[in-house]
Protein chains: 2
Amino acid sequence: MGEFELLERVRERLGVPSGRVLIGSGDDAAVTVPGGATATSVDALVEGVHFRRDTADGLAWIGRKALATALSDLAAMGASPGEAYVAVGVAPDLDEEECLELVDGIAELAAEAGITVAGGDLTSSPTLFITVTVVGHATEPSALVSRSGARPGDLLVVTGELGAAAAGLLVSSKRGIVDPSRFEPLLDRQLRPQARLIAGSALAAAGATAMIDLSDGLGGDARHLAKASGVGLRIAAEKLPIAAGVEEVATAAGADPLELAVSGGEDYELLAALPAAVGADLGTLPASAGVAITVIGEVIAGAGVEIRLPGGRMLNPAGYEQMRQPRSAR
Amino acid sequence: MGEFELLERVRERLGVPSGRVLIGSGDDAAVTVPGGATATSVDALVEGVHFRRDTADGLAWIGRKALATALSDLAAMGASPGEAYVAVGVAPDLDEEECLELVDGIAELAAEAGITVAGGDLTSSPTLFITVTVVGHATEPSALVSRSGARPGDLLVVTGELGAAAAGLLVSSKRGIVDPSRFEPLLDRQLRPQARLIAGSALAAAGATAMIDLSDGLGGDARHLAKASGVGLRIAAEKLPIAAGVEEVATAAGADPLELAVSGGEDYELLAALPAAVGADLGTLPASAGVAITVIGEVIAGAGVEIRLPGGRMLNPAGYEQMRQPRSAR
């Protein structure tokens with residue numbers, strides 16, 4: 001199959017442009033009609049660094065994950081998903097069907113998330129990589145939530161559950177410690193992360209003053225939010241919503257479940273600051289977010305992140321964080 | 001130097017957000033206020049495929065070229081440059097100073113072209129690659145020029161000069177055929193292509209009905225435009241503006257200068273169709289384009305591309321094109 005035929009088959013799988021996209025893949029550039037403000041983020045996933053091809057059957061999950069991690073940044077802005085632009089470096093040992101599997105994974109999540117793949121670039125490369133640029137829209141800039149608006153007194157909340165992706169990685173990488181078939185949900189969180197797009201929009205609508213997605217881990221990402229906002233964050237360890245199964249896997253691996261929840265990356269949940277006026281019961285917010293929202297602490301004057309253990313001891317997330325490399329810098 | 005320190009130094013080099021960019025690199029996503037329509041394109045450059053590090057001193061030219069090739073797509077839409085998002089896969093043997101050199105090349109061209117680097121991703125990678133996504137703006141979608149609007153009777157024009165990049169590649173790759181120091185302008189065209197942003201805007205304002213940038217070569221790119229527009233293109237070979245020095249280099253290499261002009265890629269000039277009403281003398285267009293604009297033929301009913309040689313013989317650009325691989329597919 002020639003290069004242009006492959007491109008044709010890729011385009012078929014991605015469907016016709018829709019929504020804000022007037023001209024999609026195939027011209028010099030895609031043409032879109034944007035909202036009053038756009039949020040744009042780029043993420044690259046590289047074989048051997050961010051994923052291994054032998055981790056699972058087929059390559060669809062790799063395409064899916066590349067788009068999911070980029071979409072997670074849009075979720076963290078409260079932006080409405082618009083378009084994705086995908087560059088794939090096709091390694092020499094990747095055949096055309098595998099290349100199309102990878103595209104299928106992207107197309108599947110794009111359809112679920114309501115984002116249009118409006119353009120791309122396919123090139124040969126010694127190393128397989130996927131760079132995804134995503135554009136989200138909002139009516140105006142003030143509808144988007146940066147990391148920098150948290151104020152002392154705000155509630156600190158997190159979506160969903162923590163530690164699942166890190167525990168899933170332990171299940172798949174430390175063979176023999178547990179029976180993998182019992183921990184499918186954890187493996188799934190590692191391989192097929194969800195971008196919290198609906199929750200991000202709901203949190204933005206509820207007046208979130210600052211928001212960040214948890215790609216590197218709660219400890220490190222909380223510090224990014226604290227630094228950008230010029231505030232401190234106080235988190236109660238016992239309030240952290242640790243995913244089912246994390247404790248069992250951590251114990252079997254000789255790890256601390258709290259460490260997985262605080263320093264394990266790739267949960268792709270959202271951490272947000274909400275005005276205290278929202279109220280500690282969060283009202284209708286969890287219903288509109290489509291996922292659990294848990295109050296885990298508060299924003300305080302000062303700097304840095306305190307994670308208080310039961311009994312008043314303090315956990316230093318920086319110490320935890322140094323145990324692992326960040327997923328990647330952005 | 002840690003990863004976050006390196007990112008800090010990268011951000012310093014890229015300057016503060018400006019123009020349409022309200023939040024730049026460092027948050028989950030960049031926030032911009034777009035025009036009424038946007039044009040977006042992504043290009044990946046991969047070491048060993050699109051460039052070799054030993055081609056020239058330093059790495060700035062690689063960053064510069066990665067941005068230039070992406071900007072060329074905006075030029076071909078007649079879009080006003082807005083923002084660039086850059087993902088770099090940093091190879092293990094690239095030290096931090098080389099990484100910053102590469103960023104300096106991007107920053108230098110960004111400043112020249114008036115585009116803001118609003119976001120990015122730095123990650124380690126076995127292979128050095130640079131993915132650049134560029135966003136251009138226009139007041140409305142109809143102000144942007146696709147490949148598909150050419151109509152029989154339109155004039156066919158090209159900006160600048162052809163064959164220079166291909167001749168430059170011969171000069172650098174076939175050592176000994178000519179004295180490289182005598183052909184600096186050709187080498188420069190290969191290493192430091194110019195995106196014809198001002199000419200693209202001027203052609204759009206003059207009513208261009210279709211436009212494409214010449215990345216793969218006039219022959220192939222003309223066929224893309226013809227196919228997208230559902231027309232034929234008739235080009236007069238003797239009208240092609242062949243760059244100074246191309247004939248001498250081609251002769252020394254045993255190549256045909258016309259072949260370099262027709263099938264040599266990476267000239268990054270623009271091919272455009274203009275309404276006949278503009279007139280064959282093009283009026284004030286060349287002055288506003290800031291570069292020569294040459295009428296090279298016309299749009300005809302039918303399909304495909306005819307390149308007529310003096311004496312009435314016909315050149316088949318498809319045959320020429322097969323001699324080389326396209327730079328990359330998009």
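Reader: Before I look at the contact between the chains, what counts as a salt bridge here?

Author: Think of a side-chain nitrogen of Lys or Arg on one side and a carboxyl oxygen of Asp or Glu on the other. Bear in mind that this is a predicted model. The pair counts as a salt bridge when these atoms lie within 4 Å.

Reader: Then which residue of chain A forms a salt bridge with B:Arg147, and how far apart are the closest N and O atoms?

Author: The rule finds 4 salt bridges across the interface of chain B and chain A. In the one made by B:Arg147, the partner is A:Asp27, and the closest N and O atoms are 3.8 Å apart.

Reader: How much area is buried between chain B and chain A?

Author: Start with the residues: 60 of chain B are in contact with 60 of chain A. There are also 19 residue pairs in polar contact across this interface. Carbon and sulfur atoms give 58% of the buried area, which comes to about 4600 Å².

Reader: Which element gives the largest share of the side of chain B that touches chain A?

Author: Several elements give two or more residues to that side, among them α1, β1, β2 and β8 of chain B. The largest share is 9 residues, and it comes from β3(B).

Reader: Let's zoom in on A:Thr38: which side chain does it join in a polar contact of 2.4 Å?

Author: A:Thr38 sits in strand β3 of chain A, and at 6% relative accessibility it counts as buried. Leaving aside neighbours within four places in sequence, its contacts include A:Val135 and A:Leu144 as well as B:Ala30 and B:Pro34. The side chain at the other end of the 2.4 Å polar contact belongs to B:Thr32.

Reader: Which strands stand at the edges of the open sheet in chain B?

Author: That sheet has 7 strands with mixed pairing, in the order β8-β10-β7-β11-β9-β12-β13. An edge strand has a single partner, so one side of it is left without a neighbour in the sheet. In chain B the strands placed like that are β8 and β13.

Reader: At about what angle to β8(B) does helix α7 of chain B run?

Author: Helix α7, residues 218-229, lies across β8, β9, β10, β11 and β12 of chain B. Relative to β8(B), the helix runs at about 150 degrees.

Reader: What is the bridge partner of B:Leu156 in β11(B)?

Author: Strands β7 and β11 of chain B pair in the antiparallel sense over 5 bridges. For B:Leu156, the partner in β11(B) is B:Gly297.

Reader: Over in chain A, which residue of β11(A) stands opposite A:Leu233?

Author: In strand β11 of chain A, 6 of the 8 residues are buried. β7 of chain A pairs with β11(A) over 5 antiparallel bridges, and 4 bridges join β9 of chain A to β11(A), again antiparallel. Opposite A:Leu233 stands A:Val299.

Reader: What is the phi of A:Tyr268, and is that residue buried or exposed?

Author: Most residues other than glycine have a negative phi. A:Tyr268, in the loop between α9 and β10 of chain A, has a positive one, near 55 degrees. With a relative accessible area of 1%, A:Tyr268 is buried.

Reader: And about what phi does B:Glu266 have?

Author: B:Glu266 lies in the loop between α9 and β10 of chain B. Its relative accessible area is 11%, so B:Glu266 is buried. Although B:Glu266 is not a glycine, its phi is positive, at about 70 degrees.

Notes. Residues numbered from 1 in each chain as written. Chains lettered and ligands numbered in written order. Predicted model: local features only at pLDDT ≥ 70, side-chain atom pairs only at ≥ 80, totals over all residues. Heavy atoms only, no water. Pairing = 2+ DSSP bridges. Contact = heavy atoms within 4.5 Å. Axes fitted to C-alpha atoms, helices over the stretch in contact; angles between N-to-C directions. Buried < 20%, exposed > 50% of the residue type's maximum accessible area, 1.4 Å probe, protein only. Buried area = accessible area lost by both parts, 1.4 Å probe. Polar contact = N/O pair within 3.5 Å; in protein donor to acceptor, adjacent residues only side chain to side chain.
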